[in-house]
Amino acid sequence: MKIMIDQQVLEVNPGVTILEAARQHGIHIPTLCYHEAFGGQGMCRMCMVEVKTSHSRKVVAACTYPVQSGIEVQTSTPEIEKGRRTIVALLYRNAPDSGFMQKLYTDYDCPENGLAVNNGERCILCRLCVRACEEIGSSAISAVLRGTEKRIGTPFDEASAVCIGCAACANICPTEAIAVEQTDQDRTIWNRTFTMVQCRSCGRSFATREQLDYISQKTGLAGLDLEVCDLCRKKKLAAKIEQFAR
Amino acid sequence: MMPQIIEADKKMVLVCCGTGCLANGSMEVYQELQQQLANSNVNVSTYTKATGCNGWCEKGPLVKIIPDDITYCQVAAKDVAEVIAKTIGKGELINRLLYRDPKTKQRVKSHHQIDFYKKQHKVALRNIGEIDPASIEDYISRDGYQALNKVLHTMGPGQVVEEVIRSGLRGRGGGGFPTGQKWKACTDVEASVRYIICNGDEGDPGAFMDRSIMEGDPHTVIEGMIIGAYAVEATAGFIYVRDEYSLAVKNLGIAIQDARQKGFLGENILGSRLSFDIEIVRGGGAFVCGEETALMASIEGNVGEPRDKYVYPTEKGLWGQPTVINNVETWANLPVIINDGAEAWASIGTEGSKGTKVFSLVGKVINTGLVEVPMGTTLREIIYEIGGGILNKRKLKAVQTGGPSGGCIPAEMLDMPVDFDSLTAAGSMMGSGGLIVMDDRTCMVEIARYYVNFLAGESCGKCTPCREGLKAMLEILSNFCQGKGSDADLQFLMDTSETMQMMSLCALGRTAANPVLSTLRYFKDEYLAHIHEQHCPAGVCRDLTEFYIDPEPCTGCGLCAQHCPVEAISGEKKEAHVIDQAICIRCGECRNQCKFDAVMIR
C-alpha cells in the first residue's frame, strides 16, 4: 500500500507500524523505548507523529500505529517538537547522571525550570531491560509499583531465583542505569552474586554459570561445549572458513 | 413471593440499606423493625424490605412507609417502637422524624414533595430504593426481564443494535461514545468468540453512582448485559467491580445465581438460541483499571496498564477477541430503551445527549446525595433546586465535574446545561458523573494540587508524559501553595499540561491536566497571587495565610476562642478578641465559626 511520510510517497507492507515504515525508508523518528528486536511499546511517547486520514487529523505513537492506505504522516511539527522537548526535560530530572540524557537535554534545547533534579539517578523507565529479560525467557525483573512511584526491580527487591545473571538488561539500557559489579570470579546484579565461568580457550571470564546452564537446558548442548567465549568461537569459525577457502 | 402492590389493609416498610445509610445504622433499624413487628400486637399486616440507596444520603437512614407514602429521615433503632405503635398501628405521623423544609420551615410528609426528588427523573435508578436488591421476584414485578423476553422473541440481533443506535445512548462511563455504534463495530468483525464487559471500576473520589446501581438494582445491569450479548452474539460476560464494593459484589453474586436459576443466564436462554453467562471479576482498586484496555489487561491477569487504542476493543479486546465494554449506568438504561422504545427513551435530554444522567452531588451543598436528571439540566437547577443551595449560606465559587481528571467550572457558568458536549467545551468533562460543589473558601490552586496528587498516585506510570508530567506538576503546584514559584514555573506547568494532553497514552493521562488547565483558565488571578504576592486569596494555603480579628465587627462572643484547637485566641467577653500569630496553626476554624465575619485574612 501507499502512504505518505513527510511529503514522500512510500510503498509499504500492510501490518507494519508507521515507525517501521519510516525506518525502512531511512526516515528518522526519535524513540527511547523502541528496539528493533522487540517492536514498539508505546511508552516513551517520543515517536508521536501527526497522522492525517480521510476523516481525521490526530497525534499518534508511530511505534504502535499500524499503517493504513493513504495516510499522510508528519514526523515533526512545532507542537510535536515542543512536546518532545518537554518529555526530554521531564525525563532528564530522573536521569541527570546519564550522558545519554545529558546529550538529549542539550540537543533539544530544553527550557530552564525550577524543578528538583534527582542527582545520582539514571533510569528513564523505557523498560527495554524488562523486554530483554522477557525475551531471554527469565522475566526476572519488571516495572513495579504504580504511578510516580514506578521503578524497575525484582519481586520485592529480593535476589531473583530465575535471574541467570546474563546482564542483558544492563547491556540494552541506554542510560547505564543498571548496576553490575564484576570481577574475574563473580558478577553481582539485582542483589544476587553469580560465579563467572572462564573461557576454556582464552581464560577470559565471559558468562555466569547459571547463564551457561540455562543455554544448555534450552539448546540441549553439553555444558562443556558452551564454555568457550564468543570471541574464541568467532576465531575458531574464522579459522574453519579460512581452511575451507584454501 | 413478595407483594409489590400493597393491599389496602397491608403496609410495607422500606428501609434504605445503601452504603451511606448502613454506615449510619440502618441495618439495626431494619432488624429492630423485623423483630418488633414479629412480636407486636399491631393488627396491620406489615412487610419489611431492605432496599438499595435512595440517594438522599444526607438524611439517612431513610424509612419509607407505603401505601401511606410517609418518609422518615435519620431514623435510629430507638425510634422503631414509636414508628410501629403510632404510624403503623394508628396511622399517626411522627413529626420529629419528618423532613423539615428549610425554606417554609414546614414538616413534609413524603419525599415525593421535596425539591430534591421532585426535580429528578429516574431511569437508571428507577428501581433503587423501591426493591429488595436480593430478590429477583421484586425486580420481575417491576417489568424486570421483560425487555430480554422482547428482544429474544420479537427482535433480531441487528434490530436490537439499530434500536440502541436510534436511541442515541452515549456511554455513561466518561467517554460518551455512542453505544449503538460501538455494538455495530463489534458485530462488523468476523469472529467466533465475542465478549461483553460491564465496567464497574468506579474510582473517582466522591462518586458512587455505579456502586448504588450494582448494590441496589443488580438485575438491571445483568439484563442489560444479556440484551447486549444477544445483539452482538457474545457468549461470555464479565462484570469488573472493585473489591472495596463488597455489598455490590455480594448483591451481584446473588443476582447472577438467581438469574441462572430462572433461566435468564446459561444455555438457551428462555428457550432461544442465545447461550450466555456472566462472571464477576473483582478488581484490586486501581483507578487506572477503569480505563478499558487496562481493565481488560487486569481481567486477563496482567498488570493493569492501558495500551494504545489504534485498534479498538470492538475489534481486538479481551484475549484478542471483539469485545463490547460499557459502564454500569449504560447497561442499566438498556432494558428501559427496549421496553419503552428508542423514541420514548430519547424524548428527554438534549440534541446531542439523550436520556438522563446520574450524578453524585457532594461538597459544600446542603443536600448531598445521588441524583438523576435529564441531560441538559443546568448546574443551577442541580445545585440550588435539588441540592438546596450552598452550606452555611456561603457563596458558590466553582463546581468540579468529571472526577479527578475533570475540570472546575466557575460560578459564572452556572446556567450551562449539563451534557457531554457543553462540559467538554468548558474545559471539563462529564466523566462518570461526579459533581463537587465548592464555596468561596476554596483555594483553586490547592484544589488543582489535590487532584494532581491523587492522579500522581493512580497513574499507572507506563507512559512518560503522564508519569513524569504529574510528578512535575505536583512539585510545581506544591511550591505554589507554599508561595514558592516563578513565572517560568507557570510556563513549564502549562507546557507540561499541553504535552500530557497531546501525547499521553490513555484517557487518564490525556485528561490528567484538566484540573490544572481549567483552574488556570478561570482562576489565573489566584495562581498569580500565590506566585507574585505570596498570598492565598481564599485563606487556605497555610504558609501564605495569616488570620486576624477585625475589632470593628467582633462582638467578643468567644465562639472562635472556643473552637481554636491550639488556644491561640484570647480576649475578654464582649470585647474584641486577638489571635496570637506565634501559636496560630492557620487551620481557619475561627473564620469558619465566626458569625460576624470578623476573622480576616492577610
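Which residues in helix 2 of chain B meet helix 3 of chain B? Select both helices in this predicted model: residues 26-39 form helix 2 and residues 80-90 form helix 3. On the helix 2 side, display Val29(B), Glu32(B), Leu33(B), Gln36(B) and Leu37(B); their counterparts in helix 3 are Val80(B), Ala81(B) and Ile84(B). By class, the residues of this contact comprise 6 nonpolar, 1 polar and 1 charged.

Next, draw the axes of the two helices. They come within 9 Å and cross at roughly 50°; helix 2 and helix 3 of chain B are therefore oblique to each other. The crossing of helix 2 past helix 3 in chain B is right-handed.

Remain in chain B and select helix 11, residues 246-261. Its 16 residues, at 1.5 Å a residue, should span 22 Å, and the end C-alpha atoms lie 23 Å apart, which agrees. Now highlight the buried residues of helix 11: Ala248(B), Val249(B), Asn251(B), Leu252(B), Ala255(B), Ile256(B), Asp258(B) and Ala259(B). Just after helix 11, centre the view on Gly263(B), where phi is positive, at about 80°.

Finally, turn to chain A. Of the 246 residues in chain A, 35% are buried. Among chain A contacts with a separation of 6 or more, 52% are between residues 24 or more positions apart.

Note on methods:
Residues numbered from 1 in each chain as written. Chains lettered and ligands numbered in written order. Predicted model: local features only at pLDDT ≥ 70, side-chain atom pairs only at ≥ 80, totals over all residues. Axes fitted to C-alpha atoms, helices over the stretch in contact; angles between N-to-C directions. Helix = DSSP H or I, 4+ residues; strand = E, 2+ residues; numbered from the N terminus. Parallel < 35°, antiparallel > 145°, perpendicular 65-115°, else oblique. Left-handed = near helix turned anticlockwise from the far one by under 90°. Contact = placed C-beta atoms within 7 Å. Nonpolar A, V, L, I, M, F, W, Y, C, P; charged D, E, K, R; others polar. Expected span 1.5 Å × (residues − 1). Buried ≥ 20, exposed ≤ 12 C-beta atoms within 10 Å, placed from the backbone.
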